[in-house]
Structures are given as C-alpha cells and as structure tokens.
There are 2 protein chains.
Amino acid sequence: MTSSAFKASLIRQFGSPAVVIDLDVVEANIARVQAACDAAGVANRPHIKTHKSPLIAAMQRDAGARGITCQKLGEAEVMAAGGIDDILISYNILGEDKVARLGGLLRGTLVTVAADNPVTIAGLPKAGEIAGRPLPVVVECDTGRKRAGVETPGEAIALARQIAASPHLAFAGLLMYPPEDRWPQTQAFVDEVRAALRADGLELKIVSTGGTPNMANLGQLKGATEHRAGTYIFNDRMMMACGQATLADCALQVYATVVSRAAPERGILDSGSKTLTADPGGGLDGYGYIIEHPQARIHKFAEEHGFLDLAACNERPGVGDIVRIIPNHVCVVCNMVDRYVAVRGETIIGEIPVAARGRLS
Amino acid sequence: MTSSAFKASLIRQFGSPAVVIDLDVVEANIARVQAACDAAGVANRPHIKTHKSPLIAAMQRDAGARGITCQKLGEAEVMAAGGIDDILISYNILGEDKVARLGGLLRGTLVTVAADNPVTIAGLPKAGEIAGRPLPVVVECDTGRKRAGVETPGEAIALARQIAASPHLAFAGLLMYPPEDRWPQTQAFVDEVRAALRADGLELKIVSTGGTPNMANLGQLKGATEHRAGTYIFNDRMMMACGQATLADCALQVYATVVSRAAPERGILDSGSKTLTADPGGGLDGYGYIIEHPQARIHKFAEEHGFLDLAACNERPGVGDIVRIIPNHVCVVCNMVDRYVAVRGETIIGEIPVAARGRLS
C-alpha cells in the first residue's frame, strides 16, 4: 500500500494530477509477456502506441523482443531516432508526403508496413525507390473484427500478388488482429492464402497476430510467427476486465486530488476528460478504478473535473486527499501527457518523456 | 466549399490528420460574442481552456474582453507569460506547491481564484502573503448543475465570511455556471447571498456566469457582471446541436484521410480516439460531422482509426480522399495537439502553438 506521505511528496514535486508508472511493474510485465511468447514459439513485437517512449521500447527489446510495432509514421520516426530498429507500422501509409518520409526512414531502419487496399500499395514503391532498397509490405487481413484489413482470402491473395509484382516492394506476409473467438476461421483464412501464394512462389515470412487480450490465445494460430501486444506494458481496467491483468500488474496510476465535496454523496477529482479521457473502456462502469475507494464511481467528466458518486463508499475522501486511479484505457491516457513520473515502489526515479506523443501524422 | 486541391496541399505540408482553424471564422466568433456581451452590459471574460493559446487570448482581449478565465494554474501561468493580465482561475487551487505557484503568479498578474470549500480557502492566504498583496477569491456556487460549487446560499455566505476574515485574501464575489433552465433559482440564490453579505459590509464586485450555451441567456441574471464563454471561439457539433452555432461558425476542422474501404458500406479514417477523442458530445450520434459526407457516421474508434458507416451515403469516399470533420467537442480535441494549422479561407497562414497544452497541473 502506497503511503499518504509518499503520495503527498510526489504531488508536491510534480503537481496534481500526475501520471505515474512503476518501473518494477513495467519490468515484470515485460518479462511475463516475453516468457509467454518464448514458450509459444512466436516472436514478440510489442506495440509501442501504448507507451510512446523509445526508452521503454529499448527495455522491451533488451528483454528479447524481436522488434516493435507502431501505428503511425511519426511514432516510427521517433523510435528510430531513439535507436530502435526493426519497426512494423501496422497501418496504411498514404500520400506523397508520408511515402517520402517512409522512404527516408527505410534508408537507415528496417521498416515494414501494412496495406489493405490497392491504392495504398500503388503509392508505396516510391518509398523503396527513395531508400534504395525494397520496402517489405504485409497484407492486413480482417478475420471478423470489422476493422482494417481485407475480409476474404481472395482479396489478400490479390494484394500479395500486387505487392510482389511492384518494383521496390517485397511481399512479407500477413498481419491480423484475430477476434478472440474466431481462431478456426482465422486459421482457414491464413491456410488458404498460404497455399495459393505458395503456387506463385510467395512465402509468408511474417504472420503477425495482435492484442494483449489475445495473449491467452498464443499458439492458437498454426504458422503465426510473431505477436503484437501493447497494453500489457502498463495494463488498465480493460485488461483487468478481460482477465489479462490483476491490480498488481497495473503499472500506471493517475495520482489525483479531491478538490470539492459539495454534498455528502458527491465529490470532484482534479482529473477530468482532459486527463483520464472519456474512453468508456468497452462498456465499463464509470471512468476509472480508485484504489483507495473502490466503491467510488467516476460517473461523469468535465474537462478538468472527475465527478465522484460516493453513495456506496463507507469511508469517503475529503478535500485535499490524494487518490490513485487505474484508468479504463491506458493507451489513450498516455497520449494526454508529455512525460511520466517514474517510480520504483516508493522511490521516485525521475521523469520519462512520452517522446512520440503529439506526432499526429 | 474548400477545394480538393487546397485540402491536398495542406495535407502535403502538415501531414494527415491535421487540426485546422480558420482565423476569419475565429475573428467573426470573437466579434459576435463581444457584441452580445456589450449589448447585455456584462463584461466578456472568455474561457481559454478551449484554445489554450495566448495569441488567441490576445485577439479576444484586443476585441474588448475584460480578462480571461483559466481552468488550471498551468494554463494561467502560460497566459501570463504570454502577456495576458486579469486572469480568473475558476477552480479550487489546493496543495502547498500550487499555492506557492499561485503566489508567484499573483506578484505580476491580477489573478482571481474560485473556491467552494473551507479547506481550499484555508490554504490560499499563503499565496497572498508570497505576492505581497491580497488574493481576490470568488465563491463558486452550484445552482442546479451538480458540478463544482456550494449548493446553498447559506454555505456561500459562510465561505464569503471566511474569505473576508482571512489575512491576505479579498472576497471578490460569486461564480457559477447556471443551468439553462434555472435562472429564477439562480437569481434567488444570488439575491439572498447579496443581501446577507451587504449587512456585513461585503460587496459582490464580481458575479460571473458561464458557458457558450448560456450566451442565449445573457441578461437573465440581474446583477451579473461578467460572462465566461469558451467553446464559441471555435464551436463544434455540440454548439450546433444547442443552437449556438451554424456550420459556418465552426472555425476548427480536422482534416483526415480515408485509409481503408474494406467493404462497400465500411470505411476507415486516419483519425481515431487519439485525435477526435471518445467524447460523446452529450449524446450525439457518432463522433463527428463529415462536411463532405454528412450521411457518413463515425460510429466507432480505435486509437488511430475512425470507423465509418457509409450505408446511408449516396457518394462514398475512396481510399486517399481527404475529408473535413467537425468534432463533437472541440475543447478536448484542441488538447490533443501541440499546434493548429491556421488558415484564412484557402490561404495557409502558418502554425499556432497550443501553448498551454500538456500543463497537467
């Protein structure tokens, strides 16, 4: 249990609210997921969209990660500048400006991109041309989640052939984020594509699966070569809800102060939608779990106010009390701040920049 | 109608997505609200939490605003450093660290703060002591919205007396954000406090009302001295929904690119919850209004994906198309970016830093 004296000391030094990560917990999370990937025989390619920090990416790499995943070109540029090599951008890169930047990045860094349509693929060769080496491209497939990705093996096969036939591109394999309950369908999808492309002499060097919730399903897809998990680095209420984390695995906590207690059953925190975000966490009750007052509900936000329903609380916090919140969705909370306060237990280590935050494109 | 060539040129220069403000529309919004305040005989004290830019605050001041409102001490510090004087922080400032910062700010800037409880007030005198002049404090009152503020005139009177009796503090009046449908109750609240305090020799120098939606109600509260509106500077879908803005009054647009069209009735934008935010806009349908495709619904987000339901669209956007989005809630979108792209019609002016973003405390 974190002491009141420590919380007060941290807030005196860094202000309230503060977004705090415990590096001991971060390291334990890194080790656990790396061990699970090793045991399943798939490479670990963590998604850095959660933490956006080259320092933390380097911790993941040094623990055995094969490379990293980024969701934006700007994230990849920051990671490469921070010394991270072997970057997969799991996103359609479109537009002359971005393709030119991608070419510049590819000159000095092994970078692979995803595509799910012919327009994206038609634009990518320029990047390989600029770099003077082929750009590896994986085809993004959707096996039921209805997000990015082609919906049928036939479309995936056609795009793979388009990539293979393009100058300055190299077909690298498939990328997907399989729904937790559709592994047989996902297997059939991959197998059909693999068989058809084999006849063309095209190999699936990469078969990339994703998601921290899917950590429970590592090994379900025969032929998967790597897995992209992101949220596990810090965890959050969603990961607790899906059984992928306990409270002890939650490395990130928002330290906040109670600033108002206008009525016996109401309170207000200095953390609103500009800190915790309005992310509903896929249907969770309220907007965060308050460690000191688990029965309190953060039921509504203003931009700098988190409105507390204290009706179910036996002990109610007073004005000036500091509490710690596990957010619904940690990836979007990290995106709100320029730096984390890093601690180990009750020792303050310093600040870690969220270096890739603010890179909109 | 913005031309495709202009949109493409802007994206080539600044990347996609881009958060774009039209300064012609900003100036028109400033002029309209200033004129409405002038006509109602109340001072205009715009809330800068929406734009977080000292440059834009200076435009508001130069058009006649009395001063500005901030929601955080960090915002006030950035505004003061940017040359803005007469700042109201409509927030309980708590904690030794913040009170010391407040004292430093008060040395060189006229700053007034709000308080709604005795704990906050007990901590504030140190700020006046540090500054060497009294800190003006207004009592925050809640006349039905159930946010910050005391719920009864009796509590407001008691806090006013506490302020007046505190060394280094000066009682300055009342602050509230009246519900749109409770003006008689708000009037009764203010009148009761005014009468009781008059007997103590205490005056309500400031009676501050708030909210862009309440622009329609200027003049409803007899004795109001000033109004704090924020969102009007840019406007958004919420302001259109409540009748305070038309599409032509929306100065901020998110330029985004269609990056995937995985099925005939589905599409994906490169703007997800890390750009547009998951703010539901008080119950609006979807997460933004797409100017080029009003029938398209942004029905769901991933962090960097906005999922489009195109079922109702006659003309559907293709991969690579650039569209412009009016967000649900502009104040939280501004908080996601480090700079705006400023335009006047189809002329690009440059970038304006969101200087107070990232000041968590």
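Reply: An axis here is a line fitted to C-alpha atoms, for helices over the stretch in contact, and an angle runs from 0 to 180 degrees between N-to-C directions. The structure is a predicted model, and what follows should be read with that in mind.

Me: At what angle do helix H4 and helix H5 of chain A pack, and how far apart are their axes?

Reply: Two packed helices are described by the angle between their axes and by the distance between those axes. In this model, helix H4 (residues 73-81) of chain A and helix H5 (residues 96-108) of chain A pack at an angle of about 25°, with 11 Å between their axes. Angles under 35 degrees count as roughly parallel, and H4(A) and H5(A) are therefore roughly parallel to each other. The crossing in which H4(A) passes H5(A) is left-handed.

Me: Which residues of H4(A) and H5(A) meet?

Reply: From H4(A) come A:Leu73, A:Ala76, A:Glu77 and A:Ala80, and they meet A:Lys98, A:Arg101, A:Leu102, A:Leu105 and A:Gly108 in H5(A). By class, the residues of this contact of H4(A) with H5(A) divide into five nonpolar, one polar and three charged.

Me: How do helix H4 and H5 of chain B pack?

Reply: Helix H4 (residues 73-81) of chain B and H5(B) pack at an angle of about 25°, with axes 11 Å apart, and the crossing of H4(B) and H5(B) is left-handed. The contact is made by B:Leu73, B:Ala76, B:Glu77 and B:Ala80 of H4(B) together with B:Lys98, B:Arg101, B:Leu102, B:Leu105 and B:Gly108 of H5(B).

Me: Turning to strands, which residues lie on each side of S1(A), and are they buried or exposed?

Reply: In a regular strand the side chains alternate between the two faces of the sheet. For S1(A), A:Ala18, A:Val20 and A:Asp22 lie on one side and A:Val19 and A:Ile21 on the other, and all are buried. Because five of the five residues of strand S1 (residues 18-22) of chain A are buried, the strand is largely enclosed by the rest of the structure. Four bridges join S1(A) to strand S10 (residues 252-263) of chain A in an antiparallel run, while three bridges pair S1(A) with strand S16 (residues 339-344) of chain A in the parallel sense. A:Ile21 has a bridge partner in each, namely A:Leu252 in S10(A) and A:Ala342 in S16(A).

Me: In what order do the eight strands of the open sheet in chain A stand?

Reply: The order is S2-S9-S8-S7-S6-S5-S4-S3 in chain A, with parallel pairing. Strand S2 (43-44) and strand S3 (68-70) of chain A stand at the edges, each with a single partner strand, so one side of each is left without a neighbour in the sheet. S3(A) pairs with strand S4 (residues 87-89) of chain A over three bridges, and A:Thr69 stands opposite A:Leu88 in S4(A).

Me: How many residues does each chain give to the contact between chain A and chain B?

Reply: The size of an interface is often given as the accessible area lost when the parts come together. Here the count is by residues, and the contact takes 55 residues from chain B and 55 residues from chain A. On the side of chain B that touches chain A, the largest share, six residues, comes from S10(B), and the residues of that side divide into 20 nonpolar, 18 polar and 17 charged.

Key:
Residues are numbered from 1 along each chain as its sequence is written. Chains are lettered from A and ligands numbered from 1 in the order in which they are written. This is a predicted model: local features need pLDDT of at least 70, side-chain atom pairs count only at pLDDT 80 or more; totals for chains, interfaces and linings use all residues. Two strands pair if DSSP finds at least two bridges between them. Helices (H or I, at least four residues) and strands (E, at least two) are DSSP runs, numbered from the N terminus. Angles under 35 degrees count as roughly parallel, over 145 as roughly antiparallel, 65 to 115 as roughly perpendicular and the rest as oblique. A crossing is left-handed if the near helix is turned anticlockwise from the far one by less than a right angle, and right-handed if clockwise. Two residues are in contact if their C-beta atoms, placed from the backbone, lie within 7 Å. Ala, Val, Leu, Ile, Met, Phe, Trp, Tyr, Cys and Pro count as nonpolar, Asp, Glu, Lys and Arg as charged, and the others, Gly among them, as polar. A residue is buried if 20 or more other C-beta atoms lie within 10 Å of its own, exposed if 12 or fewer, and partly exposed in between; C-beta atoms are placed from the backbone.
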